[in-house]
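The exercises below are meant to be worked through with the sequence and the coordinates open side by side. Each one sets a task and then gives a solution in steps.

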Amino acid sequence: MTSIYQTVGIVGAGAMGRGIAQIAAQAGSHVKLFDIQNGAASQAMQALEQQWDKLLEKSKITAEQTSDYKQRVHACATLQDLADCDLVIEAVVERLDIKQSLFAEIEALVKPKAVLVTNTSSLSVTAIASALKRPEQFAGFHFFNPVPLMKVVEVIAGLKTATPICDDLAIFAQQMGHQPVMAQDTPGFIVNHAGRAYGTEALRIASEGITDFATIDRILRDQVGFKLGPFELLDLTALDVSHPVMEAIYKQYYEEPRYRPSVITAQRLAGGVVGKKVGEGFYTYVNGVAQVPPEPATPILADMPPVWVSTRAVRRAELLQLLKDLGANIETGVSPSAHALSIVAPLGFDVTTVAIIERLDPARTIGIDMLIDDQLTKRRVLATNPATRADMRDAAHALFARDGKPVSVIRDSGGFVTQRVVAHIVNIACDICQQGICTPKDLETAVTLGLGYPMGPLMMGNKFGPTELLEVLFNVQTVYGDPRYRPSPWLRRRGALGLSLMHVED
Ligand code: NAD
């Protein structure tokens, strides 16, 4: 294979540098590794050789490929040794001053046509380039850890980056077996920006005492199809990594409320309860296995009250059919009888507000999240209001669990758990499109490959309904009076017109 860049220099032979070295060598480039720490580049080379030997053992690569790859990587003793590189990729410590002075040094020794790129996650590409004489030949090239397995790379144009430089980097990404996505130089670029919604909104819900961490995880796994719940994910990433990212993006966006971090993670980080790697996070780990508290048992009831369903319930026909299938005694009057359990299914509004507006007895009123078609979810979520009687809560729990589908009962919240988290993910994604940070298509690719979500955020919005999610946000904003829930213009217009969120204006 002939690589678009014949000789690639990599500065910083840590976790990222060595991963990038591996795929660059596999793409056919000669790779020169340099690290300021004595012996680090040679160690990285040895680790790479072992990695290729393992792949050979597993028959993932041939003996010929193994020796080719090994021959293409060289450890360098000085930065000067990178003078003949066509491309230099920097993956050193995340500090602006260090990166700026390092690049000034590299620029002075390489050929005038050489391209320089940074793997920074959180610094501005434009700010790093400001120390250079040829900022047009400088770009961001943001990989994810572990590099060989995370098959996406963000190509970031700084203010002065020449377009052909980004186009060539995109070709090189493909030669390395990665999917390039093109991003403008903005805080968090695409993946770390889009990823702000899942954890922060889940933390917000937990901070309001709506329910516990494990229940939030179960709901989002079972209702939406996330592989990991937000707290499982935070435990895996570890708070010493993710809390500073939350803070950095919030600060860089001048305290945009949508990205507001949580005191929960700040305090846990301060206390060292950072996640799986220390055995203690949102879950406790024994031999690396999370100790998940058991789900509350389904109540057993002697008598089941009759059930009345609000005329304003979302998916009312489906809800009535579901209740029929569950063998409920359904009332059909315009209002509930004196003994009936009243079921409401709001979008964005809390059960309390709905009970008051519909003049229902709050003691007998329960909410169910019907944003997603019941047949498409593996869990039902009910919400009480502060006045709901325990016997009514238990009756609803037992009734909705009759066919064996798990049921979670949470406290009242505008938008339940799924509505809030999904609306937040979709809203932030729409705002990324609104700001022109990337194309809708690249956003979908970046999030699916970079965050492992079951589908891209715009696709998620289309699946659950842009109009419904817009309604969720409007109503949650009314309940909370919090600008964090104001809809992005991208969602507002497309949702109001019933258009796909991928719809791009001419
Ligand atoms: P790391 O600590 O594993 O490796 C950094 C290496 O750079 C070390 O070996 C260190 O000795 C070397 N180094 C430091 N200063 C140097 C200098 N002036 N010249 C040459 N070498 C120097 O770090 P990492 O996780 O590989 O991260 C590197 C960069 O990649 C950072 O900018 C980070 O933000 C970014 N990044 C990291 C991840 C991740 O998940 N680890 C993901 C994407 C991007």
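This is a predicted model: local features need pLDDT of at least 70, side-chain atom pairs count only at pLDDT 80 or more; totals for chains, interfaces and linings use all residues.

**Exercise 1: two helix pairs**

*Solution.* Begin with helix H2 (residues 40-57) and helix H3 (residues 63-72), whose axes come within 10 Å and cross at roughly 170 degrees. At the contact, Glu49, Trp52, Asp53 and Leu56 of H2 meet Ala63, Thr66, Tyr69 and Lys70 of H3. By class, the residues of this contact of H2 with H3 comprise four nonpolar, one polar and three charged.

Turn next to helix H8 (residues 196-207) and helix H11 (residues 239-252), whose axes come within 11 Å and cross at roughly 105 degrees. The residues of the contact of H8 with H11 divide into four nonpolar, one polar and one charged.

As a last step, consider the spacing of such contact residues: an α-helix has 3.6 residues a turn, so residues three or four places apart point the same way.

**Exercise 2: the ligand and its shell**

Describe which residues surround the ligand, and which protein atoms lie 3.2 Å, 3.1 Å and 3.3 Å from its atoms.

*Solution.* First survey the shell: 20 residues surround the ligand, and the closest are Met16, Asp35, Glu94, Lys99 and Ser121. Helix H1 (15-26) and helix H4 (96-109) each supply at least two residues of that shell, which by class divides into ten nonpolar, seven polar and three charged.

Then take the polar atoms one by one. A polar backbone atom of Ile36 lies 3.2 Å from a nitrogen atom of the ligand, and a backbone N or O atom of Val92 is 3.1 Å from a ligand oxygen atom. Ser121 contributes a polar side-chain atom, which lies 3.3 Å from a nitrogen atom of the ligand. Finally, the ligand taken alone exposes 830 Å², of which the protein buries 74%.

**Exercise 3: backbone details**

Find where Pro146 and Phe189 are placed, and state what the backbone does there.

*Solution.* Start from the background that most residues other than glycine have a negative phi, and most peptide bonds are trans. The peptide bond from Asn145 to Pro146 is cis, with omega near -5 degrees, and Pro146 belongs to the loop between strand S6 (138-142) and strand S7 (152-157). Phe189, in the loop between strand S8 (179-184) and helix H7 (191-194), is a residue other than glycine with a positive phi, near 50 degrees.

For comparison, examine both ends of helix H12 (residues 263-270): at its start a side-chain oxygen of Ser262 reaches to within 3.0 Å of the backbone nitrogen of Ile264, and H12 is followed by Gly272, whose positive phi is near 80 degrees.

Terms used:
Residues are numbered from 1 along each chain as its sequence is written. Side-chain values use heavy atoms; hydrogens and water are left out. Axes are lines fitted to C-alpha atoms, for helices over the stretch in contact, and angles run from 0 to 180 degrees between N-to-C directions. Helices (H or I, at least four residues) and strands (E, at least two) are DSSP runs, numbered from the N terminus. Ala, Val, Leu, Ile, Met, Phe, Trp, Tyr, Cys and Pro count as nonpolar, Asp, Glu, Lys and Arg as charged, and the others, Gly among them, as polar. Contact means heavy atoms within 4.5 Å. A polar contact is a pair of N or O atoms within 3.5 Å; within protein, one must be able to donate a hydrogen and the other to accept it, and residues adjacent in sequence count only if both atoms are side-chain atoms. A residue is near a molecule or strand if one of its heavy atoms lies within 4 Å of it. Accessible areas come from the Shrake-Rupley method with a 1.4 Å probe; for residues, only the protein chains shown count as cover.
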